[in-house]
Amino acid sequence: MAEDSIAVVDLERCQPDRCSYECVNFCPPNRTGKDCIVERGEYYEDEEPYAGEPDQVHISEEICLGEKCGICVVKCPFDAIEILNLPQELEEDPTHRYGQNAFALYGLPIPETGKVTGFLGPNGIGKSTAVHALAGEMIPNLGRFDEPPDWDAVIDEYRGTELQDYLVGVRDGDITVAQKPQNVDQIPDQFDGTTSELLASTDERGELDDIVSRLGIDPVRDQAIESLSGGELQRVALAAALARDADFYFLDEVSPYLDISQRVTAARLIRELAVEEDRAVLVVEHDLAILDLLADSLHIGYGQPSVFGVVTPPKSVRNGINEYLEGYLTTENMRIRPEAIEFEAHAPRPVENADVLVEYPDMAKSYGDGEFSLSVDGGEVHRNEVLGIVGPNGIGKSTFAKLLAGRLEPDEGDLGMDLDIAYKPQYVEADERVPVSAFLSGITDEFGTSYWNTEIAQPLQLERIMDQLLTELSGGERQRVAIAATLSRDADLYLLDEPSAHLDVEQRVLATRAIRRFAENRETTVMVIDHDIYVVDLLADRLMVFDGEPAQQGHASTPQSMRSGMNEFLANLDVTFRRDERLGRPRINKPGSQLDRQQKRDGEYYYTG
């Protein structure tokens, strides 16, 4: 194979007991007597295979013809093989490779003291690998997995670069690290106790009480961790990381389950830690509006998820995000996406003359004396529209969705609805040990049809996970399957609660397109609850705004136009947005900036200029 190619075998997908070794039998070099694709046990002989079982396959990158052949990729019935050309501009060896036919990472982000460094890229592109190296949890092997180098060799490789001094500190144990994990919903599986008990050992800077107060988690200090919601777990995990006294802070996705106000508060706390406390902070984030507000510089990760990833040198945040959305990296002269992500293409569709799907009355729901209560102003939901639902956490959005779905009964107001409703809840659980294909085929007769594959499976990137068990899926994979399952049901109204959670930028855009096209092609109605302004901006025709006192009482207004609804919603949060001049994407104004003050005076909180 040419030096600019890579072959990867996904050992979780490779299932030789269920195939006929098509990759081995159809490989052109094999057919000429060469050992290009062989069984791993045969390749390693008496050695312990690097991973997997001996009867799984190994590909010789020296013999393989590369991407120009690709027969094994096509013939593999489980999509377990990837053979790709690396970017021509990529001249250096990998920073780390996990072994023969395994993922390779090129480059590392550069932590900078006194700054917040952003890291943006698709899931599976090597962000976690980079962080493990920066945290000293592993020594990057520079691609030499047969004879891994020591720290001295790694530092010698980075001599003269901005990373040299940092890596010396890691080697010598002079760099301390605090981390916030990505999957906060797994914390209850790892810790059995109360919030206070979890936070007790983290107050190393003497700032814990202030952090807890500003994040609004005082009310749950005495609650068991297992009883916390996703948003509460996210804030507790963030508080635990920020309260530690460390040189380098790594924060993996701070926005999931948080509303916009909580995201802005988290961003301000992180910036204060970096700038005022002179700490190095690296943040992986998929909410571009928050990343824009938060970071001082930005690394882009690109490549082929689970195959190889490349980390760019730091860019300015605005240009980095714009290049990422345009799909073209200017300095690298690299196209990373076939088409740009557009934000001005979607104009909310007028609904004044649209047929009414349902007219609902004023409603009220209370969970008991002294508990949360919700009041809803009556309104209409039209056919063939996407209705966005926005508001803070704990304000009743999910309660409203459950009222419409018939999962809760209102205390006041007779819905009198005879609608079939498909509902995707906020928190997606997958406890059935069945393949994704079996789960989805049991929902709809359209499974596997041309329409279903084109409009649902492909944009939600389900093809490669069809044979995986539901219980083995990642958070993002579970989310995409849940969206597909909801859209596959036969219903009059589709309710999607936080469909963007755990999805990267590309996945969010593709999911948004799938939902939008589904509503248009099926002439059906979709209601979407989400906190990502990008998602709402791309999807909604109208908005329903919730306000009130979180966890105490909420109020839902009658559905209204996007502009009036966003102005009401953002005014409640005291946050203003503008559109980027180059791409038209949403950007949060710096609090107190001239534009922020001017828009507030004009009452235009939603996109001007």
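# Briefing: strands, pockets and backbone of a predicted model

Two bridges join strand β23 to strand β25 (residues 560-561), and these two strands run antiparallel. Strands pair here if DSSP finds at least two bridges between them; helices (H or I, at least four residues) and strands (E, at least two) are DSSP runs, numbered from the N terminus. The model is predicted, so local features need pLDDT of at least 70 and side-chain atom pairs count only at pLDDT 80 or more, while totals for chains, interfaces and linings use all residues. Residues are numbered from 1 along each chain as its sequence is written, and side-chain values use heavy atoms, with hydrogens and water left out.

**Confidence**

- The protein chain has an average pLDDT (the predictor's confidence in each residue, from 0 to 100) of 88, and 95% of the residues score at least 70.

**Strand β23 and its partners**

- Ile 389 is the residue opposite Met 544 of β23.
- A further four bridges link β23 to strand β24 (residues 553-556), and this pair runs antiparallel.
- Glu 549 has Gln 553 in β24 as its bridge partner.
- Three residues separate β23 and β24, which form a hairpin; in the turn, Ala 551 has a positive phi of about 70°.

**The eight-stranded sheet**

- An open sheet with mixed pairing is formed by eight strands, in the order β5-β6-β12-β11-β7-β10-β9-β8.
- Its edge strands, each pairing on one side only, are β5 (96-97) and β8 (177-180).
- Within this order, strand β9 (residues 248-252) and strand β10 (residues 280-284) run parallel and are joined by five bridges.
- Phe 250 stands opposite Leu 282 of β10.

**The second largest pocket**

- The second largest pocket has a volume of about 1200 Å³.
- Its lining has 50 residues, and Asn 393, Gly 394, Ile 395, Pro 550 and Ala 551 are the closest to the centre of the pocket.
- The elements that give two or more residues to this lining are α10 (208-215), α11 (230-242), α12 (260-276), α15 (397-405), β23 and α21 (562-573).
- By class, the lining has 19 nonpolar, 19 polar and 12 charged residues; Ala, Val, Leu, Ile, Met, Phe, Trp, Tyr, Cys and Pro count as nonpolar, Asp, Glu, Lys and Arg as charged, and the others, Gly among them, as polar.
- The pocket lies between domain 2 (186-245) and domain 3 (365-560), because both give residues to its lining; the domain bounds come from an automatic or database domain assignment.
- On a 1 Å grid over the protein atoms alone, a pocket is an open set of points with protein on both sides within 12 Å along at least five of seven lines, a cavity is a set where a 1.4 Å probe fits but cannot get out, and lining residues have an atom within 4 Å of a point.
- Grid points are joined across faces, edges and corners, and a volume is the space filled by probe spheres set on the points.

**Cavities**

- There are eight cavities of 30 Å³ or more in the structure.
- The largest cavity has a volume of about 100 Å³.
- Of the 13 residues that line the largest cavity, Cys 14, Gln 15, Cys 19, Cys 23 and Cys 76 lie nearest its centre.
- The lining of the largest cavity divides into 11 nonpolar residues, one polar and one charged.

**Single residues**

- Glu 498 is not a glycine, yet has a positive phi of about 55°.
- Glu 498 is found in the loop between β21 (493-497) and α19 (505-521), and is buried at a relative accessible area of 3% (buried means under 20%, exposed over 50%, partly exposed in between, with a 1.4 Å probe and protein chains only).
- Glu 523, in the loop between α19 and β22 (525-529), also has a positive phi, near 50°.
- Glu 523 counts as exposed, at 58% relative accessibility.
- Glu 162 lies in the loop between α6 (151-157) and α7 (164-171) and is exposed, with a relative accessible area of 60%.
- Glu 162 and Glu 112 are 50 residues apart in sequence, and 9.3 Å apart in space from C-alpha to C-alpha.
- Ala 289, in helix α13 (residues 288-294), counts as buried at 3% relative accessibility.
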